Amino acid sequence: MGQAATNTHLLNRLVANPARTVMLGFAVTIAVGTLVLMTPFASQSREATDPLTALFTATSATCVTGLVTVDTATHWSTFGEIVVLALIQLGGLGVMSAATLLVMLIGRRLSAPATVLTGAEARSMSDRSPAQVLVGVLRFTLTVEVATAAVLAVRLRIAYHEDWATALYSGVFHAVSAFNNAGFGLHVDSAVSWAQDPWMCLPLMLSVMIGGLGFPVWWEILKHRGRRSRRWTTQATITIWGSVVLWLVGTALLAGFEWDNADTLGPMGTGGKILSAGFQSVVARTAGFNSVDVGALHQESLLLLDGLMFVGGGSAGTAGGIKITTFALLGFVIWAELRGEPTVRVLRRRVPQDNIRQALTVALLGVGLVVAGTAALLVVTPFRLDVVLFEVISAFATVGMSTGITADIPPVGQLVLIGLMFLGRLGPITLGAALALRNRPRRYEVPEERVLIG
């Protein structure tokens, strides 16, 4: 009875004000991380790091972004790197845990007056307590990270002749960073030196994909393993197939745009070009590693990556963006409107009107934040629109890829990016939950009047 009361209390506190609860937790983590990174022990020079650099790094790590104003491997000491790694893990676990609990809570609230982002997801986990779900998230996270770290460490030892201690440390760091979609690395060139090495790129890509889909989706997959995918919920089906389509389309277009670019894919063989294009398409949603020089990409490639970054990954996952489900749902809304259908149907299911309004709200507020952030950086920096837009979307979608301008942005611009990383990481989760939980039926309705569109 005591455990049940504790679980209920945990859920009620989270559901009472999800935005305040989640954001306060992340703000405290960032503040503690900033203070620790400011200490002399955290830097290789054994000198205190300035507050803005420490704050930027702590925010980027906790919000699993990957944008940096100083190089991770050369500025931070081993202790500082471990602090960054801990912040990444806490941020990734925090997002997955909080979002998964919100998925459960929204489902329970929508399916019964008793007691979060879709009811179907919650019903698939309804037989589990919050504590069991959190343990499941932790076990799932550690399993993927350990498997990825093992493959990377062995490859670094055999092919790159690193000693076992260095290979293991690097393998663990990059595995945690990949699964949490953080994009932090221990090499100045990120993953450029591994661009044509499938034993390095494929494990990183797979880990990014797994983390980006989200725990509720993997719960569905594991629950119905060996059975037809038609047993999956609408949420899981949209997330999986939408992600596959974006990965494939992104790979094909990026390869086509950059195939003859002498500064990116041009010098590689056919296999290397496809691998690198696929790697960039995957990590654009939203891990931040790069196997080619992002600053040397053509403008059409930057625009393509802008779109992939903004869409992001799955709900309750470690990826950022407005989420693939939001993007796909808006696509179904457009299709239904063009066909003149009175309701929106997805996979033989009718989508509620409040769900559509939530998707529109999240998407348009995301566009608003990106536009405002881009305008602010254009005012305080001398950079072109395309590179500024790329940097802003990378921050908002918590990707971490950059054309190389991050360190040259003035302090006020860095504060803008910090705000975008924080709101971009937590905004869609908390806003989506708050909108789903805020269901206030009207006692009366006013007369209807149509407004001209277009």
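# Close-up views

**View A. Asp197 is buried, with a relative accessible area of 7%.** Here, buried stands for under 20% relative accessible area, exposed for over 50%, and partly exposed for what falls in between, using a 1.4 Å probe and protein chains only. Please keep in mind that the model is predicted: local features need pLDDT of at least 70, side-chain atom pairs count only at pLDDT 80 or more, and totals for chains, interfaces and linings use all residues. Residues are numbered from 1 along each chain as its sequence is written, and side-chain values rely on heavy atoms, with hydrogens and water left out. You will find Asp197 in the loop between α8 and α9 (198–213). Helices (H or I, at least four residues) and strands (E, at least two) are DSSP runs, numbered from the N terminus. The side chains of Asp197 and Tyr160 are joined by a polar contact of 2.6 Å. Such a contact is a pair of N or O atoms within 3.5 Å; within protein, one must be able to donate a hydrogen and the other to accept it, and residues adjacent in sequence count only if both atoms are side-chain atoms. The Asp197 side chain also reaches the backbone nitrogen of Trp199, at 3.0 Å. Contact in the wider sense means heavy atoms within 4.5 Å. Setting aside neighbours within four places in sequence, the contacts of Asp197 are Arg155, Tyr160 and Leu275.

**View B. Here we turn to aromatic rings.** A pair of aromatic rings is described by the distance of the centres and the angle of the planes. Rings of Phe, Tyr and Trp (its six-membered ring) pair if their centres lie within 6.5 Å; planes under 30 degrees apart are called stacked, over 60 edge-to-face, and the rest tilted. By this rule there are four aromatic pairs. One of them is the tilted pair of Tyr169 and Phe173, at 6.4 Å centre to centre with 50° between the planes. Tyr169 and Phe173 are about one helical turn apart because they sit four residues from each other in helix α8 (residues 164–179). Tyr169 is partly exposed at 26% relative accessible area, while Phe173 is buried at 0%.

**View C. Phe310 and Phe396 form a stacked aromatic pair, 5.8 Å centre to centre and with 25° between the planes.** Phe310 belongs to helix α13 (residues 299–311) and Phe396 to helix α16 (residues 385–396), so this pair ties together parts that are 86 residues apart in sequence. Phe310 and Phe396 are both buried.

**View D. Phe140, Phe179 and Trp218 come together in one aromatic cluster.** Trp218 is among the buried residues of α10, as are Phe215, Pro216, Val217, Trp219, Glu220 and Ile221. Helix α10 (residues 215–223) is mostly covered, with seven of its nine residues buried.

**View E. Val311 lies in helix α13.** Val311 is buried, at 6% relative accessibility. Beyond neighbours within four places in sequence, Val311 is in contact with Leu246, Gly320, Gly321, Ile322, Lys323, Ile324 and Phe327.

View F. Most residues other than glycine have a negative phi. Leu347, not a glycine, has a positive phi of about 55°. Leu347 sits in the loop between β1 (345–346) and β2 (349–350) and is partly exposed, at 47% relative accessibility. Thr398, not a glycine either, has a positive phi of about 50°. Thr398 is in the loop between α16 and α17 (411–437) and is buried, at 0% relative accessibility.

**View G. Ser291 is found in the loop between α12 (270–283) and α13.** Ser291 is buried, with a relative accessible area of 1%. Apart from neighbours within four places in sequence, Ser291 is in contact with Ala191, Val192, Ala195, Met268, Ser276, Phe279 and Gln280.
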